[in-house]
Every structure is written in structure tokens, then in C-alpha cells.
Amino acid sequence: MKMSSNSSDRLSVNSSPSPKSHYRLVVMGGAAVGKTAIISQFLYDQFVSEYKETIEELHRGEYDMNGVHLTLDILDTSGSLSFPAMRKLAIDTGDAFVLVYSVDDESSFQEVSSLRQQILDERPESDVPIVIVANKTDVGDDRRSILPETAESLVCLDWGNGYVEASAKNNVNIVGIFKEILRQSKVRYELSPAVRRRRESMPSTGGDKKKQSKMAKRRTQSVNT
Ligand SMILES: Nc1nc2c(ncn2[C@@H]2O[C@H](COP(=O)(O)OP(=O)(O)OP(=O)(O)O)[C@@H](O)[C@H]2O)c(=O)[nH]1
Ligand SMILES: [Mg+2]
């Protein structure tokens, strides 16, 4: 399902009755497709144009609505480094998966397809929520190597997963990604500017040194989930 949302909207959670108040989202995809940029835009309202490879980072977003709490742990993974044990652990422990490709990189779509298969193989018992994100839609139609109609019909009809077109650079539909995954996870939400948002951990790139010091790198500091 294609989501459309105003990029200035904020995600808030109407969690009554929410079956679960702690979610672990795992963001996966090929190298440099924009995984970190999406998380950074969602949690910290920042787009970082320089590229720095991620090894693995855990971020946490906390949402309060009328005193009810939702904790979103968001695991940012590496697209280029292959650590099978880390990947397996990420797949085993995720409640939901965001698989990102870049619309100007056909091989990144194949990577998403392969990651999806790994998730299905590893978690055959569960109907685990998966959202496929077509990122970098800002590059323009002439640089797109995968047509939106082709990707959307494959993802939604053949795979039965959610599909979101987004641009982390222009902050287009970033909230839509998280709305879609929460919708699939049956967490009730609404859009409201009134939510209190508390963010812990920061991406390793970005200018705010004070915030950066709060960064939780999973390999050095685990967030108790
Ligand atoms: N034009 C455009 N560039 C983007 C977008 N999102 C990310 N980028 C750029 O693409 C490059 C890679 O972005 P990252 O977010 O670091 O990619 P990643 O998927 O986290 O990469 P790894 O951590 O190596 O797996 C950076 O230079 C970003 O600025 C987007 O929506 N549009
Ligand atoms: Mg990254």
C-alpha cells in the first residue's frame, strides 16, 4: 500500500488499546540506499548529505499519548558489511522490518528481494510486518531504474508487503514509512503535533555534538529491550 503523508506531520500514538508498547524495527537494505538518512530524518529532522557507512546502530524513539507509552527501537544495519551472525540476530529479534532500496539502483532492489526472502526463511512461523521503501525519489524520473508501478505491484500484489515511495533528502513520506509499519503491527496511531517526542541516540553523522554524545552504538552500548 502506498502511503502519502505530509512530511511535516508528526507521528503520535493512540495506544489504547495497544497490544504491545515496545517495538523493535529493523532497517535493512543495500549500501548507500539511505537507511541512515531515513532514520535521521524521522527521529532528528536532519538530512546528512555526506556518506558514512554504518556498522550497526540502535536508536530509540519514545512516544507518549495521554500517559500511554510506546517505545520504538530502530536498528540501523550495514548495507555493505556482511556479518551473517549479526544479520541473523537482527532478523530473529525484529518485530518488523523496513527494507530500503534506492530508485536509481536496480541492484539495490534485488538486495531487498533477497533480504525479504531471508526474513521469510528465518521467520517462517510469523506473519512479520515488512515494508519496502523506494528511497531517493527526488532524483527524478530520468534517473529511476525501477518504475514505481512495477515495484508497487510486485511488492503489494505478489509479495503482500507494504510499499512506500520516499525521499529522505526532501523529507517526503518518511513518517509514512513508520505509519505503515505500525499499521501492519496493529499499533493504533494518529497524526498530531501534540505528542511529546523523546529521542535517544543519534546518528554518527550530523552536527550536534551534544546530541551525538548520546548516541547508542549497539556494539558498545546496548539498549535494554
Ligand atoms: N538524493 C538523495 N540522496 C540520499 C537520500 N537518502 C540518502 N541519500 C544520500 O545517499 C548516501 C547514503 O545514505 P545513507 O543514509 O548513509 O545510506 P545507508 O543505506 O545508511 O548506507 P550504509 O550505512 O552504508 O548501509 C548519502 O550521501 C546520503 O546523503 C535521498 O532521499 N535522496
Ligand atoms: Mg547507514
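**Note on the predicted model**

1. Helix H1 (residues 35-44) supplies the largest share of the shell around ligand 1, namely three residues. The model is a predicted one. The shell comprises 23 residues, of which Gly34, Thr36, Thr54, Gly79 and Lys169 come nearest to ligand 1. By class, eight residues around ligand 1 are nonpolar, 10 are polar and five are charged.

2. The largest nonpolar core contains 47 residues. Those that touch the most other members are Leu25, Val27, Ile38, Val98, Leu99, Val133 and Ile177. Leaving aside residues up to four places away in sequence, Val98 touches Leu25, Val27, Val131, Val133, Ile177 and Ile181.

3. Val155 lies in helix H4 (residues 148-159). Val155 counts as buried because it has 26 C-beta neighbours inside 10 Å, the threshold being 20 or more. When residues up to four places away in sequence are not counted, Val155 touches Ile132, Asn161 and Tyr163. Val155 and Ile132 are 23 residues apart along the chain, and their C-alpha atoms are separated by 7.3 Å.

4. Helix H2 (residues 84-93) and helix H3 (residues 106-122) have axes that come within 10 Å and cross at roughly 65 degrees. The crossing of H2 with H3 is right-handed. On the H2 side the contact is made by Lys88, Ile91 and Asp92, and on the H3 side by Gln118, Ile119 and Glu122. The residues of this contact comprise two nonpolar, one polar and three charged.

Definitions and conventions. Residues are numbered from 1 along each chain as its sequence is written. Chains are lettered from A and ligands numbered from 1 in the order in which they are written. This is a predicted model: local features need pLDDT of at least 70, side-chain atom pairs count only at pLDDT 80 or more; totals for chains, interfaces and linings use all residues. A nonpolar core is a set of buried Ala, Val, Leu, Ile, Met, Phe, Trp, Tyr and Cys residues joined through C-beta atoms within 7 Å. A residue is buried if 20 or more other C-beta atoms lie within 10 Å of its own, exposed if 12 or fewer, and partly exposed in between; C-beta atoms are placed from the backbone. Two residues are in contact if their C-beta atoms, placed from the backbone, lie within 7 Å. A residue is near a molecule or strand if its C-beta atom, placed from the backbone, lies within 6 Å of it. Helices (H or I, at least four residues) and strands (E, at least two) are DSSP runs, numbered from the N terminus. Ala, Val, Leu, Ile, Met, Phe, Trp, Tyr, Cys and Pro count as nonpolar, Asp, Glu, Lys and Arg as charged, and the others, Gly among them, as polar. Axes are lines fitted to C-alpha atoms, for helices over the stretch in contact, and angles run from 0 to 180 degrees between N-to-C directions. A crossing is left-handed if the near helix is turned anticlockwise from the far one by less than a right angle, and right-handed if clockwise.
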